[in-house]
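Welcome to a short tour of a protein model. Have the viewer open beside you, and we can walk through a few sites, strands, cores and a pocket together.

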Amino acid sequence: MLLDDTVFDLERLLRAARTTPASSVRDFLTVYGPELKSFSTSVAALIKQNPRTRVGARSDVHLTTPVPDPAKVLCVGLNYKDHVAETGRALPEHPDVFVKFASTLVGPEDEIQGADVSANLDFEGEVAVVIGRTARQVPEEEALGYVAGLAPLNDISARDLQYRGTQWTAGKTVDRSTPWGPALVTLDEIGDPQTLELVTRVNGVELQHSNTRHQIFSIARIISYLSSFLTLEPGDVIATGTPQGIGAKRTPPIWLKPGDTVEVDVERVGVLGNRVAEH
């Protein structure tokens with residue numbers, strides 16, 4: 001657990017509190033997902049009573065993905081009007097859903113892989129949602145109650161692979177190409193998830209800037225829609241789409257090169273920064 005700039009051992013905290021233990025993030029969300037807000041308010045007292053649960057400063061710890069082994073990684077394409085416009089497509093009537101796999105995900109301090117298999121690596125700054133409770137046929141007005149938290153995500157896409165056919169899978173599932181993190185931030189710290197500024201920078205240059213208020217389908221709508229045909233489980237990840245400004249639609253196109261640094265900055269959620277690995 002990350003509090004301010006200090007990391008604490010959540011498993012030790014649970015044992016110290018003599019509550020149900022958890023051996024993984026998914027286990028933790030399965031047990032505590034419905035009560036994350038009340039859990040987070042009680043953590044300070046637990047830490048004060050159990051100082052040995054402190055692992056170290058954030059700078060001393062290598063963070064991996066917020067959920068290392070999600071059962072599902074679901075993605076929504078074409079979810080900002082300006083991005084739909086730059087692709088030349090019609091506005092979708094329903095969320096346009098595709099999938100990634102856990103093998104594509106890397107953490108906030110890992111390098112982005114893929115430059116060895118694609119000459120057209122592209123960036124897509126997004127807000128990722130993690131499910132905290134089993135969700136099946138959830139009404140839109142209740143959907144945010146099933147959210148464990150949010151994190152920045154970079155939906156790196158190998159455009160040359162993506163555009164070889166009508167399906168996107170090849171371009172979206174390159175091994176260890178999709179960073180997200182640095183932390184899973186709960187909604188009690190964020191507030192309204194439809195008011196978040198989202199900025200993507202490449203080598204310090206701002207190339208995407210939007211706000212989640214401009215999403216065609218809100219986070220609540222996406223969760224409700226997905227749960228209408230698919231059971232969402234604790235730890236499942238949903239990438240909610242990218243705004244205008246992707247490299248493929250610029251003149252000339254901007255492709256990521258080995259050594260480039262990409263940042264996805266989401267207001268009140270965090271900054272994700274990764275370097276593109278050498279070939």
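## A buried serine in a loop

Let's start with Ser-177, which sits in the loop between helix 6 (169–172) and strand 11 (178–179); helices (H or I, at least four residues) and strands (E, at least two) are DSSP runs, numbered from the N terminus. This is a predicted model, in which local features need pLDDT of at least 70 and side-chain atom pairs count only at pLDDT 80 or more, while totals for chains, interfaces and linings use all residues. Residues are numbered from 1 along each chain as its sequence is written, and side-chain values use heavy atoms, with hydrogens and water left out.

Is Ser-177 buried or exposed? Its relative accessibility is 1%, so Ser-177 counts as buried (buried means under 20% relative accessible area, exposed over 50%, partly exposed in between, with a 1.4 Å probe and protein chains only). The Ser-177 side chain reaches the backbone oxygen of Val-174 at 2.7 Å. Apart from neighbours within four places in sequence, Ser-177 has contacts (heavy atoms within 4.5 Å) with Thr-104, Ile-112, Gln-113 and Ile-156.

Next comes an open sheet of three strands, in the order 1-2-3 with antiparallel pairing; two strands pair if DSSP finds at least two bridges between them. Strand 1 (2–3) and strand 3 (54–57) are at the edges with a single partner strand each, so one side of each has no neighbour in the sheet.

Strand 2 (residues 6–8) pairs with strand 3 in the antiparallel sense over three bridges. Within strand 3, Ala-57 is the residue that stands opposite Thr-6.

Strand 4 (73–77) is largely enclosed by the rest of the structure, because five of its five residues are buried. On one side of strand 4 are Val-73, Cys-75 and Gly-77, on the other Leu-74 and Val-76, and all are buried, so that both faces are covered. As background, side chains in a regular strand alternate between the two faces of the sheet.

Which strands pair with strand 4? Strand 5 (residues 96–100) runs antiparallel to strand 4 and is joined to it by five bridges, with Cys-75 opposite Phe-98. Strand 14 (residues 237–239) pairs with strand 4 in the parallel sense over three bridges, and here Val-73 stands opposite Val-237.

## Nonpolar cores

The largest nonpolar core has 29 residues, and those with the most contacts inside it are Leu-150, Ile-223, Leu-232 and Ile-238. Such a core is a set of buried Ala, Val, Leu, Ile, Met, Phe, Trp, Tyr and Cys residues joined through side-chain atoms within 4.5 Å. Elements that each supply at least two residues of this core include strand 8 (125–131), strand 9 (147–154) and helix 8 (219–227). Helix 8 gives the largest share, five residues. A second, separate core of 27 residues includes Phe-28, Leu-29, Leu-36 and Trp-180.

Seven of the nine residues of helix 8 are buried, so this helix is largely enclosed by the rest of the structure. Its buried residues pack against strand 4, strand 5, strand 8, strand 9 and strand 14. In strand 8, have a look at Val-129, which is buried with a relative accessible area of 1%. Beyond neighbours within four places in sequence, the contacts of Val-129 include Leu-150, Ile-219, Ile-223 and Val-237.

## The largest pocket

The largest pocket holds about 1100 Å³ of space. On a 1 Å grid over the protein atoms alone, a pocket is an open set of points where a 1.4 Å probe fits, with protein on both sides within 12 Å along at least five of seven lines; lining residues have an atom within 4 Å of a point. Grid points are joined across faces, edges and corners, and the volume is the space filled by probe spheres set on the points.

Among the 36 lining residues, the closest to the pocket centre are Met-1, Leu-2, Leu-10, Val-25 and Leu-184. Strand 1, strand 2, helix 1 (10–16), helix 2 (25–32) and helix 3 (36–49) give two or more residues to the lining, and helix 3 gives the most, with four.

Notes: Polar contact = N/O pair within 3.5 Å; in protein donor to acceptor, adjacent residues only side chain to side chain.
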